[in-house]
Amino acid sequence: MAEAYYLGIDQGTTGTTAILFNEKWEAAARGYCVTQLLYPRTGWVENDADMIWLSVLRAVSQAMEKVQALPEQIRSIGLNHEGETVVIWDRETGEPLCRSIGWQDRRTARYADMMADRYNSLVREKTGLMIDSYFSATKLKWMLDHVENARDYLRQGRLMAGTMDTWIIWRMTGGRAHITDASTASRTMLYDVAEGDWSGELVELFDLDASMLPEISDSIVSGVWADPEAFLGIRAPVCGVLVDQQAALLGQACVTPGLVKTTYGTGCFMLMNTGGTMARSQNGLLPTVAWRIGGKTTYALDGGVYVTGAATKWLQEGLGLVDSPADTEELALSVFSNGGVYFVPAFAGLAAPHWDSYARGMMIGITGGTKKAHIVRATLESTAYQVRDVLDVMRRDSGVEVSVMRCNGRATENRFLMQFQADILGIPLEIPENEETTALGAAFLSSIGVGDYGSVEDLAGIWRCARYYEPKIGADQRMSLLYHWHRAVERAKYWSED
C-alpha cells in the first residue's frame, strides 16, 4: 500500500512551511515559500492575502513532489497560522478588499488607548485580554472605516472577514467553509471565554458586525474537507486548526499543566499550559485558549516578544553587518562579552510584560572600542533577556516554578543564543528531535480528528529531546547582565509620539 501522510501547514509571518509526516511521525518531506511583509508607513505592517494563499499551494506542492506523494495519500490536514493578522474579502468574487493587516501592525494604537481608558475592564472580564492594537478587533474596525466600500459590502451581506486560518480554509474548501477555531478566536478581543462564542457586546463595542465573522469551531474540526479543484487535487479532511504558538505548545508535547515552550521566530512566544483553568495575569501576560476539543477547553498563559529573529534579519538586510543570520553565531562567539553594549529591539513597541506601543529600538553602551561583533552579540542577547522577562512574569502569575524550558524555531540552531538563553534563565533548555514542532502540533491534532490517535496526551510518547543546554554562569553575573538590560529598556520606553 502507498504510504499515508499527515499534512501539517505552518503559515508564518515571513513564509509558509508544509510538512508531510509519515505514520512514524518522521518529517518525510518539507516545502517552503517566502512571503513578503510590506511596510507602507511607519508602524504599519501588511501582507498580500492572495500571495499568502499562493505560498500555501507552493509549499504543499514542493513537499508532495519531493516524495512523489499523490493527493489520495494525504490522510488529514492540520493548519496553524500567525494569529492576529486579518483580512476582509468579497463573498461573491473571493477578492480581498485590501491587504491583510499583520499582527505587528500598530496603526490602531491611539484608538486602542482611547478604548482602553473606558472599556479595558469589560474586555478583560469577557476575553481575558487587555485592549491593545496587537489583537484583531481594532484592525477590523480600521478596515471597515478606511477601506473603500467596505461598509457598503457589509450592508449588502457580501463582506467576509477572518484571520489567516479562515482565509486559507475558505480558499482550500472552494469557498464552502467560513470558520476559525477557538484558540484563534481567543486572540481577536471579541471572544467571550465563558460562552465560547463571539461576544455580541464586544462586536458592537468595536463597531463591527457578527455577519462578517466566521463560525467558531473546536480545534479538531469536523465536516470540513479540502476541495480537490481548489487544493492541488487533495480531498482530505481539514480537521486540525490552531494558532501557531498553540500548535507549537502541542508539538512540544506540553500537554500537562505547568509545561512551558518558547518558539523563536520573527518574534518570540512563550506559552505555559495551565490546564482547564484560565490564569488571569496581574503582570501583562495573556490568558488564552490553547485548544478546544470536544467542547472542553485547555488554557495557556502567553507572553509574546515582538522582535527577536526580525532583529537578526535587520542586521543582515538593514545594516549589512552579516551575509546570513547563520553568521551571527560565529561573530558572537568571537568576543568575550557584549562590550557593555545593550540593544532593545523595540521596532514595533514592546509586548509583555511592558505593553508599550510607543517604545522604539535603542542601542546603548557604544564606545570607541565597540566592534561589529559586539553589536551582533548584543542583538542575540536581547532575545534571551526578553524571554527571561516573560518567564519571570509567568512564574509569578502561575505560581509554578519552571524547571526546564522546551524551545523550537530556527534560532535554536544558534549555539551561542541557546547557551546564553540557558545562562540568563538559570534553567536548562530542551531542543526537540523533530524541529518542525509547529507543523507537527497541527498535523497531530488532525490525526486525532481522523481517529488515528485518541488524545493530545498521546503525543508525549512521540516527542524526543535532541539537545540539552545547562546554565554555565553564576547568579551574580546573571543578575548584573539583567540589571543593565533593564536600565536600557527603561530608556527605550515611550519614545514615539505617533
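**Exercise 1. Count the helices and strands of the protein chain, then find out why the chain passes as globular.**

Step 1: the chain has 14 helices and 22 strands, taken as DSSP runs (helices: H or I, at least four residues; strands: E, at least two) and numbered from the N terminus.

Step 2: the radius of gyration, over C-alpha atoms, goes up against the globule rule, 2.2 Å times the number of residues to the power 0.38. For 498 residues the rule gives 23 Å and the chain has 22 Å, which is close, so the chain is as compact as a globular protein of that length.

A note on the source: this is a predicted model, where local features need pLDDT of at least 70, side-chain atom pairs count only at pLDDT 80 or more, and totals for chains, interfaces and linings use all residues. Residues are numbered from 1 along each chain as its sequence is written, and side-chain values use heavy atoms, leaving out hydrogens and water.

**Exercise 2. Work out how Trp-44 and Trp-142 pair, and what the pair ties together.**

Step 1: rings of Phe, Tyr and Trp (its six-membered ring) pair if their centres lie within 6.5 Å; planes under 30 degrees apart are stacked, over 60 edge-to-face, the rest tilted.

Step 2: at 5.3 Å centre to centre and 80° between the planes, Trp-44 and Trp-142 are edge-to-face.

Step 3: Trp-44 sits in the loop between β3 (27–34) and β4 (46–47), Trp-142 in helix α3 (residues 136–146), so the pair ties together parts 98 residues apart in sequence.

**Exercise 3. Classify the pair Phe-416 and Phe-420.**

Step 1: with 5.9 Å between centres and 15° between planes, the pair is stacked.

Step 2: both lie in helix α12 (residues 415–425), four residues apart, about one turn of the helix.
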